[in-house]
Amino acid sequence: MSSTELPESRTAAAPTASRTRAVRVADGEELHSVTLPGLSLTVRARPGNRPGLPPALYVHGLGGSSQNWSALMPLLADLVDGEAVDLPGFGDSPPPDDGDYSVTGHARAVIRLLDAGGRGPVHLLGNSLGGAVATRVAAVRPDLVRTLTLVSPALPELRVQRTAWPTALLAVPGAASFFARLTKDWTAEQRVKGVLALCYGDPGLVSEDGFRYAVEEMERRLELPYFWDAMARSGRGIVDAYTLGGQHGLWRQAERVLAPTLLVYGGRDRLVSYRMARRAAAAFRGSRLLTLPGAGHVAMMEYPETVAQAVRELIADDGGS
């Protein structure tokens, strides 16, 4: 149901300027800002290895950022010209002027980014909340999406796992501020360990440097005055999307997706149930399914090589670059 700011299993650091502390940038990545009316988005670019490669856009989950894709992007740099967006209020992107953190609001931000840059159609990849956002984008703007890859997408479940309840409770009015007060004495190290236990199938996959970088990023994020508000409102947006029926429901929109789709599910996912894989495979027409029994909620960070190979096959079958 959610994703949070996680360390990369492998990280090369080159700091860049930010409004608070520096945001970490891996070797080969570039950060730039895209300013649109009422919206400013930070984009992490991983240029392709040669000119003329088709574009790809990566969309992170709740509490995450574009850094969640830094392990996967270099593995596809010979195939696509990659960009990963920080959704409004996350990563290095400030909150949207209209305060809209709904799934539709985030999808609208992605669409505006693609329209402004003229990069569509793209190979679109999304994790968790980003998977729900990418599903909505692919359904309402099929002209913008060439292929779709969803890693543990936050699609409605009738019976949410108990381990996902704390994330859902963030959507309750006042819960985020209460949790912030309750955990005010927690160290960044304690918070990161909790995130790893929730999101990784095996937290031992994270290197010492990766853990240290995640702690630094957690400290930076906690300094942002809008951190908890963005979490709460986006969490509420997921819950609202879960209850939305009719043609705007996410499962109905999944059935409308025309792009070739790859679905990735982890057997140890504590946030999006592994049992949803079969339903998703039936909903997305002609989709292919990758199940990773040892993976948790962020397979693209835990098993980037395996996920990259599946994406390569998807793109190759679509006609390659």
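This is a predicted model: local features need pLDDT of at least 70, side-chain atom pairs count only at pLDDT 80 or more; totals for chains, interfaces and linings use all residues.
A residue counts as buried when its relative accessible area is under 20%.

A pair of aromatic rings is described by the distance of the centres and the angle of the planes. For Tyr58 and Trp69, the ring centres are 5.3 Å apart and the planes stand at 45°, so this pair is tilted. Tyr58 belongs to strand β3 (residues 55-59), whereas Trp69 lies in the loop between β3 and β4 (81-85), so the pair ties together parts that are 11 residues apart in sequence. Phe227 and Trp228 form an edge-to-face pair, with 5.1 Å from centre to centre and 75° between the planes, and Phe227 is buried, because its relative accessible area is 11%.

A ring can also have a charge over it, as with Tyr213, where the charged end of Arg24 sits 3.7 Å from the centre of the ring.

Turning to the helices, we find that α1 (residues 103-117) packs with α2 (residues 129-140) at an angle of about 65°, their axes being 9 Å apart, and that α1 passes α2 in a right-handed crossing. Among the residues that make this contact are Val103, Ala107 and Ile111 of α1, together with Leu129, Val133 and Arg136 of α2. Sorted by class, the contact of α1 with α2 has 9 nonpolar, 2 polar and 1 charged residues.

Note on methods:
Residues are numbered from 1 along each chain as its sequence is written. Side-chain values use heavy atoms; hydrogens and water are left out. Axes are lines fitted to C-alpha atoms, for helices over the stretch in contact, and angles run from 0 to 180 degrees between N-to-C directions. Helices (H or I, at least four residues) and strands (E, at least two) are DSSP runs, numbered from the N terminus. A crossing is left-handed if the near helix is turned anticlockwise from the far one by less than a right angle, and right-handed if clockwise. Contact means heavy atoms within 4.5 Å. Ala, Val, Leu, Ile, Met, Phe, Trp, Tyr, Cys and Pro count as nonpolar, Asp, Glu, Lys and Arg as charged, and the others, Gly among them, as polar. Rings of Phe, Tyr and Trp (its six-membered ring) pair if their centres lie within 6.5 Å; planes under 30 degrees apart count as stacked, over 60 as edge-to-face and the rest as tilted. Buried means under 20% relative accessible area, exposed over 50%, partly exposed in between (1.4 Å probe, protein chains only). A charge sits over a ring if NZ of Lys or CZ of Arg is within 6 Å of the ring centre and within 35 degrees of the ring normal.
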